[in-house]
Amino acid sequence: MSTLLEIKSEEEWHKHTASLPSSTLQIISFHAPWAAPCTQMRTVLETLASSYPVTEPLSTSWVSMNAEEVMDVSDSFDVTAVPYLVLTRNNQVLETVSGSDATKVRAAIEKHAKSSGGSSNGSTAAANNSGSVAKNLSSYTPTAADPATAPQYSSGEVKEDKEALHERLATLVKAAPVMLFMKGTPSAPQCGFSRQTVALLRENSVKYGFFNILADDDVRQGLKEFSDWPTFPQLYVDGELVGGLDIVKEEMANDPDFFKAYSVPKSTPDSAAAS
Ligand SMILES: N[C@@H](CCC(=O)N[C@@H](CS)C(=O)NCC(=O)O)C(=O)O
Ligand code: FES
């Protein structure tokens, strides 16, 4: 069974890549040392890796890297959000998956592991291995603990639940003129992106409400669809999505008075909203 290798430096990364046949499907995961989704991504990849056989020459390689520890590598793959998965073969990026959605991650890996025989360079090693990989995949039985197959809703309930949730979200994004949906709370952010956003708002004395999405998975998943924005933090002004940390930074760089209407000089900015 294959295992997930943690790579700690650029040097280690280059050594590892150089040691692989170019036909190897490389599964490269970028993470940050903060909380939940990256931990989930690790579990998903470890489970998947263990279902792939180790072949000679290697048909798959599984590595994980702290995006901040290997800046040159993450820059070379344009990693702007984590968790972030990159699949490569023959030095070409085949597909990327942003976020820790287990179903998407698994589908992408299975697709490219299966297609190895048909790769355009026609490497015989890859072609020979694809049979065993495919066979192993079809015999892979996910367990209940596998997040990819964990049941979510019974189908009849879905629509009504969704409508009710959307109503709740529509109210929630307007709970305060400036609303921050974040991981953790302003005094204890659970992720660097949320921490940076809180710091920015604080520096600008913005008065805002917040919602800890780690405390409510319906809001966490629902808001991604509701606002068509896949990550957190999410900042809303007057019920309208501004964006995540990058966008907020950009807006402030373009217009230093962006939050002026919402700032209260010298008082504490945080005000908790519903949870
Ligand atoms: N570049 C993004 C960074 C935010 C990001 O990548 N968030 C990730 C990791 S904290 C996320 O929310 N993933 C989905 C999830 O955790 O549900 C921004 O500007 O806000
Ligand atoms: S980057 Fe992994 S939790 Fe935010």
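In this predicted model, ligand 1 lies between two domains, because domain 1 (5–114) and domain 2 (136–274) both give residues to the shell around the ligand. The shell holds 16 residues, of which V82, K183, K224, F232 and D246 come nearest to ligand 1. Sorted by class, nine residues of the shell are nonpolar, three are polar and four are charged. Two helices, α8 (217–227) and α9 (245–254), each supply at least two residues of this shell.

For R220, the approach is made by the side chain, with a polar atom 2.8 Å from an oxygen atom of ligand 1. For F232, the backbone is involved instead: one of its polar backbone atoms is 2.7 Å from an oxygen atom of the ligand. F232 is also among the residues that come nearest to ligand 1. At L245, a backbone N or O atom lies 2.9 Å from an oxygen atom of ligand 1. On its own, ligand 1 has 500 Å² of accessible area, and the protein covers 94% of this area.

Six aromatic pairs are found in a search of the whole structure. One of them joins F181 and F211, whose ring centres are 5.8 Å apart. The angle between the two planes is 35°, and the pair is classed as tilted. This pair links distant parts of the chain, since its members are 30 residues apart: F181 belongs to strand β6 (residues 178–182) and F211 to strand β9 (residues 208–212). Both F181 and F211 are buried. Elsewhere, W13, F30 and F77 are linked into a cluster by ring pairs.

A further position considered is A170, which is placed in helix α6 (residues 158–172). A170 and S227 are separated by 57 residues in sequence, while the distance between their C-alpha atoms is 9.9 Å.

Terms used. Residues are numbered from 1 along each chain as its sequence is written. Chains are lettered from A and ligands numbered from 1 in the order in which they are written. This is a predicted model: local features need pLDDT of at least 70, side-chain atom pairs count only at pLDDT 80 or more; totals for chains, interfaces and linings use all residues. Side-chain values use heavy atoms; hydrogens and water are left out. A residue is near a molecule or strand if one of its heavy atoms lies within 4 Å of it. A polar contact is a pair of N or O atoms within 3.5 Å; within protein, one must be able to donate a hydrogen and the other to accept it, and residues adjacent in sequence count only if both atoms are side-chain atoms. Accessible areas come from the Shrake-Rupley method with a 1.4 Å probe; for residues, only the protein chains shown count as cover. Helices (H or I, at least four residues) and strands (E, at least two) are DSSP runs, numbered from the N terminus. Ala, Val, Leu, Ile, Met, Phe, Trp, Tyr, Cys and Pro count as nonpolar, Asp, Glu, Lys and Arg as charged, and the others, Gly among them, as polar. Domain bounds come from an automatic or database domain assignment. Rings of Phe, Tyr and Trp (its six-membered ring) pair if their centres lie within 6.5 Å; planes under 30 degrees apart count as stacked, over 60 as edge-to-face and the rest as tilted. Buried means under 20% relative accessible area, exposed over 50%, partly exposed in between (1.4 Å probe, protein chains only).
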